[in-house]
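This briefing walks through selected local features of one structure, grouped by topic. Please keep the sequence and the 3D view open while reading.

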Amino acid sequence: MGKAPLFLFGVLCLFCIADADYTIYKDPKQPLNKRIKDLMGKMTLEEKIGQMTQIERSVASAEVVKKYFIGSVLSGGGSVPAPQASPEKWIDMVNDFQKGSLSTRLGIPTIYGIDAVHGNNNVYKATIFPHNIGLGATRDPQLVKKIGAATALEVRATGINYAFAPCIAVCRDPRWGRCYESYSEDPMVVRSMTEIISGLQGDIPANSRKGVPYLGGQHKVIVSAKHYVGDGGTTHGINENNTVASMHELLSIHMPAYYDSIIKGVSTIMVSYSSFNGKKMHANRDLITGFLKKTQRFRGFVISDWQGIDRITSPPHANYTYSILAAVNAGIDMVMIPYNYTEFIDGLTFLVKNNFVSMTRINDAVRRILRVKFTMGLFENPLADYSMAKYLGIQEHRELAREAVRKSLVLLKNGKSADKPLLPLSKTAPKILVAGTHADDIGNQCGGWTIEWQGKSGNTTAGTTILTAVRNTVDPKTEVVFSQNPDSGYVKQNNFSYAIVVVGELPYSETMGDSLNLTLAEPSPTIIKNVCGTVKCVVVLVTGRPVVVQPLVDQIDALVAAWLPGSEGQGVADVLFGDYGFSGKLPHTWFKTVDQLPMNVGDRVYDPLYPFGYGLTTNPVKGN
């Protein structure tokens, strides 16, 4: 009789030990809100502020992530574990940071973010898709959705689960250095292109609540619609400047794509450096907390841009404590610091302990961050999967990028008279000239945000240049001569059947791309004059926006806007030689002179060189 109670006591002790090991927030079978509540109930202020902190990989380590309970790590533009790093090298790095977070008291995993804005563009040998301006020219949301799905796989191939994309800016002035990141000047085109979110994150179930973040599995990534709001409407197109507009204009031009993004389950929204009627967006409580969180019922988290809170003051970082106070109280949940994380953590801790920032505000931020992390399945799958590395730069994705290039090309002129078109070009001409600074340069072809933040000319990554594509396409008997900058005498002497001139802008991003004149830099105009003044020519423009071409148009037989096509230049040759027809339509008004800017479709005074939506078409030629 005495042994039975002893046995029962032992069984009860085992149950107690098992129960002590069980935590609600680690149980994926528990409801989401119950998991969030349980975890938050266990967290200290230090752990909560850590979740609100995003730091750059160059200052991160497993030890730093563990010590400060860091919520997220990122790669800035061009920030890589090693030059030409393999996907496995990326995964090693991401998992090392994650092991630091998993070794903390509560084991809250970190998120790793990267600017995957036209493919996983920081990574060597990734597929580089056309920049958004080119995708806007396709008018094909389903194609863009497929690009999103392919990009998600290539981001996961490097162990990363968060893409700072898509940019849903509505560029109203091509002088802006980020205009190529905008799908169009027309909010309706930009709205249609938010379909990329469903490709990146997955299709949100039909019965989902509006505003709730979503992720469709471990082959998808969470995204950040950006830059909230009005970034494409600044005065004179100056980056990070002031958007002067009525509330009606803001809501009808710059806001609509955010409605669509939220309905599609976008997980995060990034705030713009710019101001709205003089008020810095990073400190705009009315638009972040009032409109985005309350009116639009967005339930994901709001993230700052890179050093975005520093720039609340002028000069930046002049009063960092004030910047923290203004940004967090405005409703920013996670701060992309990215370097001086102890200053941020200490500053926010001081502000909370002295009642300048309420615990209610801190809890709102952390609740949103945890909601995204639980929705991602991050607690169940914290470590990156090496088997995903095989998806980086695969042929299927390169074929998709090639299709996107074909559909993005806009034919602006075809023949000096309508009855004598130059395009499609003959594949069997005896001798042809390819000229120009962008004909055999993969870096120029891809533009900014490629391998490096600003991009870089030269042989920067894997891909097919337009020159190589031409050689791949013409008859083996056709002689293809490449001369980057020939003089007119050389062109005359060589008896070319025709010439393909590929010129454009050198790579840039953000403020470095702001331009008040939008002219093609030398030697591009000289190349056009020397070649097109001597032989029949098609000029292919590789630019991130409309540029000044009116003084040159009369000399040119055919003119093609190729935007920034990315790594798959074969798509350009596919259409030039008639294997496919031209179908792209201008996503932006092509002005005559910069004095007309800003000029957008629907303006009372509208006198463009080529109007919004313009684009000549050709039919495919069989047996060319």
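In which loop does Val229 lie? In this predicted model, Val229 is found in the loop between strand E5 (222–228) and strand E6 (242–243). The points below begin with that loop and other backbone features, and then turn to helices.

**Cis peptide bonds**
- Most peptide bonds are trans.
- Tyr228 and Val229 are joined by a cis peptide bond, with omega about -5°.
- The peptide bond that runs from Ala165 to Pro166 is also cis, its omega being near 5°, and Pro166 is placed in the loop between strand E4 (162–163) and helix H8 (187–193).

**Positive phi values**
- Most residues other than glycine have a negative phi.
- Glu240, although it is not a glycine, has a positive phi of about 65°; this residue lies in the loop between E5 and E6, where its relative accessibility of 22% makes it count as partly exposed.
- Phe69, which is not a glycine either, has a positive phi of about 55° and sits in the loop between helix H4 (62–68) and strand E2 (72–75); Phe69 is buried, with a relative accessible area of 18%.

**Helix H15**
- H15 covers residues 359–375, 17 residues in total, and reaches 24 Å from its first C-alpha to its last, which is close to the 24 Å expected at 1.5 Å a residue.
- Because 12 of the 17 residues of H15 are buried, this helix is largely enclosed by the rest of the structure.

**Helix pair H10 and H11**
- The axes of H10 (residues 247–254) and H11 (residues 256–263) come within 5 Å and cross at roughly 50°, which makes H10 oblique to H11.
- On the H10 side the contact is made by Leu250, Leu251, Ser252, Ile253 and His254, and on the H11 side by Pro256, Tyr258 and Tyr259; by class, these residues divide into six nonpolar, two polar and no charged.

**Helix pair H13 and H14**
- The axes of H13 (residues 320–330) and H14 (residues 341–353) come within 10 Å and cross at roughly 70°, so H13 is roughly perpendicular to H14; the crossing is right-handed.
- Tyr320, Thr321, Ile324, Leu325 and Val328 of H13 meet Glu343, Phe344, Gly347, Leu348 and Leu351 of H14, a contact with seven nonpolar, two polar and one charged residues.

Notes. Residues numbered from 1 in each chain as written. Predicted model: local features only at pLDDT ≥ 70, side-chain atom pairs only at ≥ 80, totals over all residues. Heavy atoms only, no water. Helix = DSSP H or I, 4+ residues; strand = E, 2+ residues; numbered from the N terminus. Expected span 1.5 Å × (residues − 1). Buried < 20%, exposed > 50% of the residue type's maximum accessible area, 1.4 Å probe, protein only. Axes fitted to C-alpha atoms, helices over the stretch in contact; angles between N-to-C directions. Parallel < 35°, antiparallel > 145°, perpendicular 65-115°, else oblique. Contact = heavy atoms within 4.5 Å. Nonpolar A, V, L, I, M, F, W, Y, C, P; charged D, E, K, R; others polar. Left-handed = near helix turned anticlockwise from the far one by under 90°.
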